[in-house]
Amino acid sequence: MIGIIDISGGLRGIYTCGIFYYLLDNNIKIDYCLGVSSGSANLINYVAGQSTYYLPRRMLRYRYS
């Protein structure tokens with residue numbers, strides 16, 4: 001069993017986002033996740049399998065249509 005704890009807050013949350021993007025892109029599964037502050041928000045996206053990396057581009061594409 002593999003677990004991860006993310007206790008990031010503020011700008012550290014941006015750093016750990018990259019780690020979760022890597023895990024999602026390479027289909028690496030974590031069995032147990034525990035998060036505090038922005039770490040919990042990052043883990044929610046990871047557990048749901050949602051990468052928000054491409055979200056701003058999509059939003060800009062549809063913003064003026």
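Trainee: Is Phe20 buried or exposed?
Mentor: Phe20 is buried, with a relative accessible area of 5%. Buried means under 20% relative accessible area, exposed over 50%, and partly exposed in between, with a 1.4 Å probe and protein chains only.

Trainee: Where do these values come from?
Mentor: This is a predicted model, where local features need pLDDT of at least 70 and side-chain atom pairs count only at pLDDT 80 or more, while totals for chains, interfaces and linings use all residues. Residues are numbered from 1 along each chain as its sequence is written, and side-chain values use heavy atoms, with hydrogens and water left out.

Trainee: What does Phe20 touch?
Mentor: Leaving out residues up to four places away in sequence, Phe20 touches Ile4, Asp6, Asn42, Leu43 and Tyr46. Contact here is heavy atoms within 4.5 Å.

Trainee: How many aromatic pairs are there in the whole structure?
Mentor: One. The ring centres of Phe20 and Tyr46 are 5.6 Å apart and the planes are at 40°, so the pair is tilted. Rings of Phe, Tyr and Trp (its six-membered ring) pair if their centres lie within 6.5 Å; planes under 30 degrees apart are stacked, over 60 edge-to-face, the rest tilted.

Trainee: And Tyr46, buried or exposed?
Mentor: Tyr46 is buried, at 7% relative accessible area.

Trainee: Changing topic, what is the pattern along the chain?
Mentor: The pattern is β-α-β-α-α, with three helices and two strands. These are DSSP runs numbered from the N terminus: helices are H or I, at least four residues, and strands are E, at least two.

Trainee: How much of the chain is buried?
Mentor: Of its 65 residues, 18% count as buried.
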